[in-house]
Each structure stands twice: as C-alpha cells, then as structure tokens.
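Let's take a walk through this one together, a piece at a time. Keep the picture open beside you as you read.

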Amino acid sequence: MAEHGTFYWNELATGDVKTAKAFYKKTLGWSFDGMKNPQGGTYWMARSGEKMVGGIFDTTGTDMAKLPEHWFSYIAVDDVDKRVAKAKKAGATVMREPFDVPGIGRIAVLKQPGGGMVGWMTPAPM
C-alpha cells in the first residue's frame with residue numbers, strides 16, 4: 001500500500017485528450033492505456049516506460065467541462081472515510097463524498113479551508 005500522507009497520483013483534467021496525449025508522448029515519451037471510466041468515456045493511464053505516472057481524465061460531457069485544463073493531485077490515506085470525517089471537523093468542504101473505483105481504490109475530493117482542492121484516496125490492495 002502507498003504510504004499514508006504522501007502524494008500518490010496525479011491526473012490531467014482536459015477537454016482535449018488527443019492534444020494532451022500527443023504533447024506528453026512527444027515531449028516526455030509517455031504511452032497511454034485506455035480504461036473504461038465508471039462515469040463514462042475513457043480514462044487514460046499514462047506510462048513512462050513500464051511505470052504508471054498519471055492519468056488523463058476527459059472532462060467532455062461532465063460537470064467539469066467548463067473548468068480550465070489542469071493537473072489534479074491525490075494524497076494516499078489509510079482510511080478515506082475516517083480521514084474525510086476528520087477533514088470536515090477541521091473545516092474542509094467535501095466536494096465529492098468517498099466513492100469506489102474498482103481496482104483503483106476509494107476516493108474523495110476536498111476543498112481545504114483555504115480553498116485548495118485535493119483528492120484523497122485509499123488505494124486498492126495490489
């Protein structure tokens with residue numbers, strides 16, 4: 001399991017997946033594997049050689065479609081449900097309650113008291 005409290009995953013939220021994939025392939029040599037997104041469409045796993053380095057989330061047709069393209073980070077936590085309860089008590093706003101992504105883990109999206117957005121996730125056992 002990932003170490004609690006460390007940055008674990010990063011994903012690019014974009015409405016132009018084709019351009020983003022071409023850019024990172026050309027500049028960093030990344031390759032991409034598509035997987036079905038539970039919310040619809042394809043989620044692209046980015047690889048540097050054999051190592052998974054991030055993902056690309058297609059915002060087209062989602063409630064995020066009007067947001068500017070941006071990278072989003074996730075922090076690994078030991079128990080996302082318990083940690084979200086603590087975060088609420090500490091002043092965080094839960095933007096997306098904990099949900100499961102099969103084979104990936106349990107995820108929540110928070111806005112910290114200062115306004116910064118972050119994802120917390122308990123990764124699925126490997």
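First, some housekeeping. This is a predicted model, in which local features need pLDDT of at least 70 and side-chain atom pairs count only at pLDDT 80 or more, while totals for chains, interfaces and linings use all residues. Residues are numbered from 1 along each chain as its sequence is written, and side-chain values use heavy atoms, with hydrogens and water left out.

Start with the sheet. It is open and has eight strands, in the order β2-β3-β4-β1-β5-β8-β7-β6, with mixed pairing. On average, neighbouring strands are turned by 25° against each other, direction ignored; axes are lines fitted to C-alpha atoms (for helices, over the stretch in contact), and angles run from 0 to 180 degrees between N-to-C directions.

Now look at β1 and the strands it pairs with. It runs parallel to β4 (residues 51–58), joined by four bridges, and here L12 stands opposite I56 and T14 opposite D58. With β5, β1 pairs in the antiparallel sense over six bridges, and E11 stands opposite F72. Strands β3 and β4 are also antiparallel, again over six bridges, with S48 partnered by K51. Their hairpin has two residues between the strands, and G49 takes a positive phi near 65° there.

Next comes helix α2, residues 80–89. It lies across β6, β7 and β8, running at about 10° to β7. Which of its residues are buried? They are V80, V84 and A87, where buried means under 20% relative accessible area, exposed over 50% and partly exposed in between (1.4 Å probe, protein chains only). The general idea is simple: an α-helix has 3.6 residues a turn, so residues three or four places apart point the same way. The buried residues of α2 pack against β6, β7 and β8 (117–123), while the face turned away carries the exposed K82, K86 and K89.

After the helix comes G91, whose phi is positive, near 105°.

What about the cores? A nonpolar core is a set of buried Ala, Val, Leu, Ile, Met, Phe, Trp, Tyr and Cys residues joined through side-chain atoms within 4.5 Å. The largest has 12 residues, including W9, Y43, F72 and V109. Two or more of its residues come from each of β1 (7–14), β3 (42–48), β5 (70–76), β6 (93–101) and β7 (105–111). A second, separate core of 11 residues includes V84, A87, A92 and A108.

Finally, zoom in on two residues. T14, in strand β1, counts as buried at 2% relative accessibility. Its side chain makes a polar contact of 2.3 Å with that of E69; a polar contact is a pair of N or O atoms within 3.5 Å (within protein, one must be able to donate a hydrogen and the other to accept it, and residues adjacent in sequence count only if both atoms are side-chain atoms). P98 lies in strand β6 and is also buried, at 17% relative accessibility. Beyond residues up to four places away in sequence, P98 touches V80, D81, V84, R106, I107 and A108, where contact means heavy atoms within 4.5 Å.

Conventions. Pairing = 2+ DSSP bridges.
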